Amino acid sequence: MNEGTKDADRTGDGTRAVRAGLPEPVKHEPTLPGPVFAAHFHLPGEVTGPYLYGRDDNPTWTLLERAIGELEAPGREDVETLVFASGMAAISSVLFSQLRAGDAVVLPSDGYQVLPMVGAQLEAYGVEVRTAPTRGDAQLELLDGARLLWIETPSNPGLDVCDIRRLTEAAHARGALVAVDNTLATPLGQRPLELGADFSVASGTKQLTGHGDVLLGYVAGRDAEAMAAVRRWRKIVGAISGPMEAWLAHRSIATLQLRVDRQNATALTVAEALRQRPEVSDLRYPGLSDDPSHKIAAQQMRRFGCVVSFTLPTRARAERFLETLRLVEDATSFGGVRSTAERRRRWGGDAVPEGFVRVSVGAEDPEDLVADILRALDESAE
């Protein structure tokens, strides 16, 4: 592809990720300008222009927001993207900007473990909170009279998948907005806005930035009025990304396709190896042909993610397994280039067995990673 090819003609994920959000080239200027550390900007006379105050906007955010928007909705001019200080800041901005006392919201009962805390706060503000599991599109039954449907697919940590298009069409028919947590999939795995959702929300802390050194979140939306409310909420609570974090995130997006393809392929290899182990139960990875979520996932996902989950017989066995691993760090979060794993029940917020393990597959050589996991399973046996 020639260097002069326009953005709209860049159809490959790798090309798009490498070029996303870059400014027009200017002689002697960097291809990706460094972070702008400014709390205020020169502002004589009338209050006009894009940059007024550091809590409102920042040139470094602008480039990152443009980049994420190009990944979430290629070629769409009507999609706005806003970055936040964390994934939870992004999630909260949608929920608290769109819901009022007397409204009803439908949340997944098996989603990210902080969602119940958010639900409790919404209830304290007079919002009715309804919950149902992700699997089987169970949220469909709770949509009547709802103002907002919140979808998390694949769900974290159980990796269940729901039909985004089906749920979105049903919600819209009832007058409800739809937000999809796209963290596990990334924009290279699925594009919720193309499937009909009003918001695509994600923690950029995870695979989007991929190095475990940035806290970031974002909201991409296609309804101008709804996104104006999200922007206003960000201004009110000040949940803004630092310019260094925004710059690091933009820098990292350039390798997103390389990382995602390597990690997804290795995750499938790891899942296939675990399928052969008798002590492993409830193995989940949407990319496995016999996974309960595979059929729906294959219809709406282009890549299946880097997370594999399974259950070992006991808490003690899971803890010995994690202690014995050499190439996999015992840490929370997921999506980084270095593999991590943890026993999720230790946090107390997930309805999973004591021996439930979530593995985030990194960019190590697949054969080394599989060998380490199988060795740890052998050595952790009683």
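Trainee: Does K206 count as buried or exposed, and why?
Mentor: K206 counts as buried because its relative accessibility is 14%; buried means under 20% relative accessible area, exposed over 50%, and partly exposed in between, with a 1.4 Å probe and protein chains only. This is a predicted model, in which local features need pLDDT of at least 70, side-chain atom pairs count only at pLDDT 80 or more, and totals for chains, interfaces and linings use all residues. Residues are numbered from 1 along each chain as its sequence is written, and side-chain values use heavy atoms, with hydrogens and water left out.

Trainee: What does UniProt list for K206?
Mentor: The unreviewed UniProt entry gives K206 as "modified residue: N6-(pyridoxal phosphate)lysine". UniProt positions follow the numbering used here, feature names are shortened, and annotations may be inferred rather than shown by experiment.

Trainee: Where is the place of K206, and which residues does K206 touch?
Mentor: K206 lies in the loop between β6 (199-203) and β7 (217-221). Helices (H or I, at least four residues) and strands (E, at least two) are DSSP runs, numbered from the N terminus. Leaving aside residues up to four places away in sequence, K206 touches T183, S333, F334 and G335, where contact means heavy atoms within 4.5 Å.

Trainee: Which side chain joins K206 in a polar contact?
Mentor: The side chain of S203 does, at 3.2 Å. A polar contact is a pair of N or O atoms within 3.5 Å; within protein, one must be able to donate a hydrogen and the other to accept it, and residues adjacent in sequence count only if both atoms are side-chain atoms.

Trainee: Changing topic, where is N264, and is N264 buried or exposed?
Mentor: N264 sits in helix α8 (residues 256-274). With 9% relative accessibility, N264 counts as buried. Beyond residues up to four places away in sequence, N264 touches Q207, Y285, R303, F304, G305 and C306.

Trainee: At what angle do the axes of α8 and α11 cross?
Mentor: The axes of α8 and helix α11 (residues 366-379) cross at roughly 35 degrees and come within 10 Å. Axes are lines fitted to C-alpha atoms, for helices over the stretch in contact, and angles run from 0 to 180 degrees between N-to-C directions.

Trainee: Which residues meet there?
Mentor: From α8, R262, T266, T269, V270, A273 and L274 meet P366, L369, V370, I373, L374 and L377 of α11.

Trainee: And P50, buried or exposed?
Mentor: P50 counts as exposed, at 61% relative accessibility. Its place is in the loop between α1 (13-19) and α2.
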